[in-house]
Amino acid sequence: MMSSFKSIFSLASLCYAAITIVITVKATPVAVSRDAGDLNPYPNKPRLTFRPDGTFKLTVFSDLHYGENPWDDWGPQQDVNSTRLMRTVLGDEKPDYVVLNGDLITGENTFRENSTSLIDEIVAPLVEAKIPFSSTHGNHDNEPNITHLEEIRREQRDAPLSYTRTAPPGIGGEEGPGTYWVPVYNKVSDNSPAFVLWFFDSRGGWSPGKNSTPVPDWVDSTVAGWIETETAAMNTAWGPAEDRGALAFVHIPPHAIQAVQATLNSTENPGLNADELGSGSSQATEDPSTLGNDQPFWDALNANIVNLHAVISGHDHGNEWCAREPTKDVIFCFDKHSGYGGYSSAGWGHGVRNIVFSSPKPSDGLETWIRLEDGETRARVVLNSQYKR
Ligand SMILES: *[C@@H]1O[C@H](CO)[C@@H](O)[C@H](O)[C@H]1NC(C)=O
Ligand SMILES: *[C@@H]1O[C@H](CO)[C@@H](O)[C@H](O)[C@H]1NC(C)=O
Ligand SMILES: *[C@@H]1O[C@H](CO)[C@@H](O)[C@H](O)[C@H]1NC(C)=O
Ligand SMILES: *[C@@H]1O[C@H](CO)[C@@H](O)[C@H](O)[C@H]1NC(C)=O
């Protein structure tokens, strides 16, 4: 959330001499097929499918914050620890899909010439385990020496099983290219998916280059129209929206989540609740004059995406709870802070959020819980229509 690295940032900017180094990233273009019958944006990748037992398991790593203080011992050691956590969790959980839900890199500490090489480290455990995955990006992934787009291109270059894409030109606003969706099929031979995973770029942070300026910290309003046209195309190609389930990921929580915190009940909304949501904790709150700017996105998301089981965010490292947001009647869940980098506090620990779809039926609920590095689990809830709070 709030950067505890502002001082490092200003120090670093002092040394930010006029060195212009162009990083060449080799992009792997993903062909997009738009015929009415086949909207599948990944014709050249394996189709994601439910297991033979009818389940689908997702593991979310969030706020990994690689690359802190590369000039010290503790920064690189944090990354060694985070990689250890990833390998342990992946080995135990064996998920069908992994989401990296933003703030992969603490970009205010990284160097122009090699900042994206941190992506190689981050995705290595996923590449080795051959687990399909995709990423959203956070406010710390946009800094003078790194951008969301550079991270996306590097990930696409590194990982054949990365499903991360960029939004069409004109969608996503300044420094917000990482908006896309991923279909999950019941069986590989199906024409239409059982579920659609949606990923949104909530931007924030700083623009690249030495005349860096703050980037808006909300999902751009152009994404609202894109949600409408994408869901309309899906309905045409695949049939009624009610036939599909959905789950959404966005790094910074929508602004509406701030008001939910006051209504939490620790029995019904279990999990750490240690970060009080304030300025900078949710979308469009860094600058009070921008309040409400995430509303077009929030409205379009909830109006057009049917059977939306939950919206899932990171950003606030001290929170792990799920709750129902009353104005849209949609469930929201925080991730679990995974990285040893990024702000933390005694006892918070590090881990992941697991999510298991119990069946490919779009209206069936899903089970979710927090798993810590040492294997401890907590805050288990079933997200379905009976989930009240
Ligand atoms: C790395 O993990 C070890 C073992 O959990 C811990 O003792 C150490 O403090 C961690 N180091 C950093 C820099 O996070
Ligand atoms: C950006 O990278 C340059 C070149 O490596 C480095 O001198 C500078 O300190 C970095 N800037 C920041 C803000 O970290
Ligand atoms: C990037 O370059 C800096 C300065 O040369 C170095 O200290 C740092 O370890 C490098 N980081 C990576 C991820 O290669
Ligand atoms: C919290 O939820 C539990 C379980 O549903 C309920 O018994 C309790 O009364 C609730 N507490 C408050 C303060 O609402």
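Modeller: One term before we start: two strands pair if DSSP finds at least two bridges between them. Helices (H or I, at least four residues) and strands (E, at least two) are DSSP runs, numbered from the N terminus. This is a predicted model, where local features need pLDDT of at least 70, side-chain atom pairs count only at pLDDT 80 or more, and totals for chains, interfaces and linings use all residues. Residues are numbered from 1 along each chain as its sequence is written, while chains are lettered from A and ligands numbered from 1 in the order in which they are written.

Colleague: OK, what does the protein chain average in pLDDT?
Modeller: The average is 92, and 90% of the residues score at least 70. pLDDT is the predictor's confidence in each residue, from 0 to 100.

Colleague: Which element has the lowest mean?
Modeller: That's helix H1, residues 6-14, with 35. Strand S3 (residues 97-101) has the highest, 99. The pLDDT is below 50 over residues 1-37, a stretch with 47 contacts in the model beyond near neighbours in sequence. A contact here means two C-beta atoms, placed from the backbone, within 7 Å. Where pLDDT is low, the predicted coordinates should not be read in detail.

Colleague: Now the strands. What order do they take in the open sheet?
Modeller: Seven strands run S1-S5-S6-S7-S8-S10-S9, with mixed pairing. At the edges sit S1 (48-49) and S9 (322-325), each pairing on one side only.

Colleague: How many bridges join S9 to S10?
Modeller: Four, and S9 and S10 (residues 330-334) run antiparallel. Ala 323 has Phe 332 in S10 as its bridge partner.

Colleague: And what do S12 and S13 form?
Modeller: A hairpin, with four residues between them. In the turn, Gly 375 has a positive phi of about 105 degrees. Five bridges join S12 (residues 366-372) to S13 (residues 377-383), and the two run antiparallel. Thr 368 stands opposite Val 381 in S13.

Colleague: Switching to ligands: which residues are around ligand 1?
Modeller: Trp 74, Gln 77, Gln 78, Asn 81 and Tyr 340, counting a residue if its C-beta atom, placed from the backbone, lies within 6 Å.

Colleague: And which surround ligand 3?
Modeller: Pro 70, Trp 71, Phe 111, Asn 114, Ser 117 and Leu 118.
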